[in-house]
Amino acid sequence: MIGEKFRVAIAAGSTKTVGAGIEMFRLGGNAFDAAAAAILASFVAEAGLTSAAGGGFLLAPGEAKYFV
């Protein structure tokens, strides 16, 4: 992916959080890698708004194997 043109969209409350997600794409990661990087960065960059123990959700395409 390095050197190729691609389009991504990352929405966050901090430019550092967005930067972590973009950097993951630049390193060849996929959308889930970028989301994980942005989430971890948000724990530091947006500490007042997010935390590792906070709530949230992630929608992933595919067949559901588990129901909660």
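Does alanine 37 count as buried or exposed, and at what relative accessibility? In this predicted model, in which local features need pLDDT of at least 70, side-chain atom pairs count only at pLDDT 80 or more, and totals for chains, interfaces and linings use all residues, alanine 37 counts as buried because its relative accessibility is 15%, where buried means under 20% relative accessible area, exposed over 50% and partly exposed in between, with a 1.4 Å probe and protein chains only. Residues are numbered from 1 along each chain as its sequence is written, and side-chain values use heavy atoms, with hydrogens and water left out.

The chain contains two helices and zero strands, these being DSSP runs numbered from the N terminus (helices: H or I, at least four residues; strands: E, at least two). Of its 68 residues, 16% count as buried. Among the contacts in the chain with a separation of 6 or more, 42% are accounted for by residues 24 or more positions apart, a contact being defined by heavy atoms within 4.5 Å.

Alanine 37 is placed in helix α2 (residues 31-45), and, when residues up to four places away in sequence are not counted, alanine 37 touches Ala20 and Met24. Threonine 17 counts as buried because its relative accessibility is 3%. Leaving aside neighbours within four places in sequence, threonine 17 is in contact with Ala12, Ala38, Ala41, Ser42, Ala45 and Glu46. The side chain of threonine 17 also makes a polar contact with the side chain of glutamate 46 at 2.7 Å, the term denoting a pair of N or O atoms within 3.5 Å, of which, within protein, one must be able to donate a hydrogen and the other to accept it, while residues adjacent in sequence count only if both atoms are side-chain atoms.

Side chains of opposite charge can pair when their charged atoms come close. The structure holds one salt bridge, defined as a side-chain nitrogen of Lys or Arg within 4 Å of a carboxyl oxygen of Asp or Glu. This salt bridge is formed by arginine 26 with glutamate 23, the closest N and O atoms being 3.9 Å apart. Both residues lie in helix α1, three residues apart, which is about one turn of the helix. Arginine 26 is partly exposed, with a relative accessible area of 48%, and glutamate 23 is partly exposed, with a relative accessible area of 37%.
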